[in-house]
Amino acid sequence: MATIGQDIQQAKQLLEKGELVAIPTETVYGLAGNALDPTTVAKIFLVKNRPSFDPLIVHVSSLKAAHSFVAGIPKQAEQLVRRFWPGPLTLLLAKKEIIPDLVTAGLDRVGIRCPDHPLTLALLQQITFPLAAPSANPFGYVSPTSAQHVQDQLGGKISYILDGGRCQIGIESTIVGWEDQQAVIYRLGGVSLEQIESVIGKVNVRAHSTSQPQAPGQLKSHYAPRKKFLLGDIQELAKKYPVDRYGILSFQNNVTGISSDFHLILSSSGDLNEAARNLFFMLRQFDYMNIDIVLAEEVPNVGLGRAINDRLRRAASDDQV
Ligand code: TXA
Ligand code: MG
């Protein structure tokens, strides 16, 4: 099993040797390695069991650092960076040669972000290379939001997990790129559509593609918990799918008429930030409960609610793309 600790020096030494370290961010934990070293990057794909066509996000400590790895930063990108970095925003920008093709799966653009977590920012400031880091879960499964989640799934394959506590945002970063100078959101995440539009005006959202995903985070069946997961009106679903033991995931309220000892509420005060923070944590809890299926409902489709609903829909999807 991996050691869980808060020793930045140990993390640094391992990374400098080309090894992988799990790192905390405000969104989810990442499985990090030297983004400039193709051998290390190959290890990330191997440990995650991730197909090599699915590119990795590169993490940097500042906008200044980002300049070393991207060919240019459009005006709108810079406006977003100034408002949201460090934070849950990934930009797709034309990459410089120094970023290995393996990182971007051969694409011309690299996903780049500055995470908002004190331990990881301190680590990034002490190393001389950026960190390629996908979410630290096996490909297709729910992203980890605590050090223990990483230990549970990848602990046998890495030696160190930098423990930064529970992730404060709880869902992955929002991914934004530009096509013919028009901003496009490829993945809804920790910065809401409304927040992005308040800075740069109208953006297109293309986060639901199923056939030819621009970002495999767009794959319809992703974030899959191990229990069968159904999304809709919880009471209607219970009538349609009679079983002995339901797991229930509701947004704010109790659900009457269904007996369940396994009812989790995303946010009893109806706070979407709290709901986002709890989402992946609760999806994992169901895996350990003695239940037959999980019934869940969507949350209000505004702000972070859009990203939460996106994850819920994909958790509920059986489609293999
Ligand atoms: O919040 C996050 O973004 C977390 C933390 C660790 O930073 N990372 C994360 O990485 O969610 P990952 O690999 O699980 O998801 C990254 C998504 C993938 O769907 C990938 O396809 C897309 O970003 N992506 C990365 N680079 C890309 C590129 N150059 N072009 C298109 N999509 C890209
Ligand atoms: Mg992921």
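I count a residue as buried when its relative accessible area is under 20%. The model I am examining is predicted.

**Entry: the whole protein**

I looked up burial across the chain and found that buried residues make up 56% of the 321 residues in the protein. I then looked up the secondary structure, which consists of 11 helices and 15 strands. The radius of gyration is 19 Å, close to the 20 Å that the globule rule gives for 321 residues, so the protein is as compact as a globular protein of that length. Along the principal axes, I noted that the C-alpha atoms fill a box of roughly 60 × 45 × 35 Å.

I next turned to contacts between residues at least 6 apart in sequence; of these, 67% join residues at least 24 apart. For the accessible surface I recorded about 13,400 Å², with 47% of it belonging to carbon and sulfur atoms. I also looked up the charges: there are 31 positive and 31 negative side chains, and the centres of the two sets lie 3 Å apart.

**Entry: Ser-267**

I located Ser-267 in the loop between strand 14 (262–265) and helix 10 (272–287). Beyond its neighbours within four places in sequence, I found Ser-267 in contact with Phe-251, Gln-252, Glu-274 and Ala-275. I also noted that a polar atom of the Ser-267 side chain lies 2.8 Å from the backbone nitrogen of Asp-271. From Ser-267 to Asn-278 I recorded 7.9 Å, C-alpha to C-alpha, for a separation of 11 residues in sequence.

**Entry: backbone geometry**

I kept in mind that most residues other than glycine have a negative phi, and that most peptide bonds are trans. I then looked up the exceptions listed below.

- I found a cis peptide bond between Trp-85 and Pro-86, with omega at about -10°. Pro-86 lies in the loop between helix 4 (75–84) and strand 5 (89–94).
- I found a positive phi, near 55°, at Ala-105, a residue other than glycine. Ala-105 lies in the loop between helix 5 (101–104) and strand 6 (109–113). With a relative accessible area of 26%, Ala-105 is partly exposed.
- I found a positive phi of about 65° at Gln-181, which is not a glycine. Gln-181 sits in the loop between strand 9 (174–179) and strand 10 (182–187).

Notes. Residues numbered from 1 in each chain as written. Chains lettered and ligands numbered in written order. Predicted model: local features only at pLDDT ≥ 70, side-chain atom pairs only at ≥ 80, totals over all residues. Heavy atoms only, no water. Helix = DSSP H or I, 4+ residues; strand = E, 2+ residues; numbered from the N terminus. Rg over C-alpha atoms; globule rule 2.2 N^0.38 Å. Buried < 20%, exposed > 50% of the residue type's maximum accessible area, 1.4 Å probe, protein only. Contact = heavy atoms within 4.5 Å. Areas by Shrake-Rupley, 256 points an atom, 1.4 Å probe, with all protein chains shown as cover. Lys, Arg positive; Asp, Glu negative; His and termini not counted. Charge placed at Lys NZ, Arg CZ, Asp CG, Glu CD. Polar contact = N/O pair within 3.5 Å; in protein donor to acceptor, adjacent residues only side chain to side chain.
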